[in-house]
Amino acid sequence: MTELLQSRLMPLSPAERLAAFRGAVAGRMVFTTSLGLEDQILTHWIATQNLDIEIATLDTGRLFSETYTVWAETEERYGIRIKAMIPERPALEALVITQGPNGFYASIEARKACCHIRKIEPLNRLLSNASGWIAGLRADQSQARGDTALLSQDTARGLLKLNPLIDWSRDQALDFAQKHAVPLNTLHARGFASIGCAPCTRALAPGEPERAGRWWWESEAAASKECGLHVGPDGHLVRIASPVRVAS
Ligand code: SF4
């Protein structure tokens with residue numbers, strides 16, 4: 001069923017993919033936004049097409065102030081409320097007691113423990129009874145994302161996951177956002193390509209790959225520059241047999 005639906009969605013525009021996915025899958029559907037460039041475009045289409053898709057973000061408590069600003073601007077522009085998913089208080093308190101406020105710099109294990117409590121557990125709670133999940137991954141964001149599927153089955157969560165922008169380039173996304181006055185995080189104009197938590201994200205140097213600014217103190221070999229949100233039970237990004245071909 002997944003490959004059949006993917007073959008129906010693939011020839012469509014990303015906005016049409018969203019509407020067709022919503023129409024094809026019954027039940028609760030959730031879009032998780034980081035309020036970055038790609039996700040702002042998806043919010044634009046969901047809001048302007050009035051699609052029955054919940055919009056939620058993982059408020060880790062460590063986001064940039066610029067991210068909260070664009071969050072508020074987005075709600076005002078589209079007349080929507082973006083649901084905030086907050087970490088479980090006891091687990092967060094225990095984490096900070098154990099590793100201190102910035103313990104994630106100490107090791108990959110410590111960083112993953114922080115990401116688990118601040119991001120993955122809230123995401124799992126958010127998606128616990130959803131049948132569809134929408135995310136803003138693009139295949140050319142990194143080598144690790146190169147063969148990410150347009151549509152995949154998340155067997156662990158029992159849902160279908162759609163990445164409508166999988167075959168778009170960053171330039172296409174920027175061009176669309178400018179033409180349609182989509183609210184953007186001001187950090188993008190200051191060299192931040194991928195924006196996550198403030199202590200774990202830096203601006204890119206010229207020529208660096210898009211995800212290089214995430215967990216910048218970890219070597220590329222030691223970490224895939226992923227926090228685990230889009231990783232399957234095998235520890236890799238969810239893929240299908242026929243990867244999406246990205247136009248150059
Ligand atoms: Fe914690 Fe950094 Fe992960 Fe945010 S990105 S949850 S601050 S380790």
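1. Two residues are in contact when heavy atoms of theirs lie within 4.5 Å. Among the contacts in the protein with a separation of 6 or more, 70% join residues 24 or more positions apart. The model is predicted, and for that reason local features need pLDDT of at least 70 and side-chain atom pairs count only at pLDDT 80 or more, whereas totals for chains, interfaces and linings use all residues. Residues are numbered from 1 along each chain as its sequence is written, and side-chain values use heavy atoms, with hydrogens and water left out.

2. The protein has seven helices and six strands, where helices (H or I, at least four residues) and strands (E, at least two) are DSSP runs numbered from the N terminus. Along the sequence, these elements follow the pattern α-α-β-α-β-α-β-α-α-β-β-β-α. Of the 248 residues in the protein, 54% are buried; buried means under 20% relative accessible area, exposed over 50%, and partly exposed in between, with a 1.4 Å probe and protein chains only.

3. Q40 belongs to helix α3, which covers residues 37–48, and Q40 counts as buried because its relative accessibility is 1%. The side chain of Q40 reaches the backbone oxygen of P183 at 2.9 Å. Leaving aside neighbours within four places in sequence, the residues in contact with Q40 are T33, L35, V70, T74, V182, P183 and L184.

4. One of those contacts of Q40, L35, lies in the loop between β1 (29–32) and α3. Most residues other than glycine have a negative phi. L35, although not a glycine, has a positive phi of about 70°, and L35 counts as buried because its relative accessibility is 1%.

5. A181 is another residue other than glycine with a positive phi, in this case near 50°. A181 is placed in the segment after α7 (170–179), and A181 is exposed because its relative accessible area is 53%.

6. Around the ligand are F104, R111, C114, C115, R118, K119, C197, C200 and W215, each of which has a heavy atom within 4 Å of the ligand. This shell divides into six nonpolar, no polar and three charged residues, where Ala, Val, Leu, Ile, Met, Phe, Trp, Tyr, Cys and Pro count as nonpolar, Asp, Glu, Lys and Arg as charged, and the others, Gly among them, as polar.

Technical notes:
A polar contact is a pair of N or O atoms within 3.5 Å; within protein, one must be able to donate a hydrogen and the other to accept it, and residues adjacent in sequence count only if both atoms are side-chain atoms.
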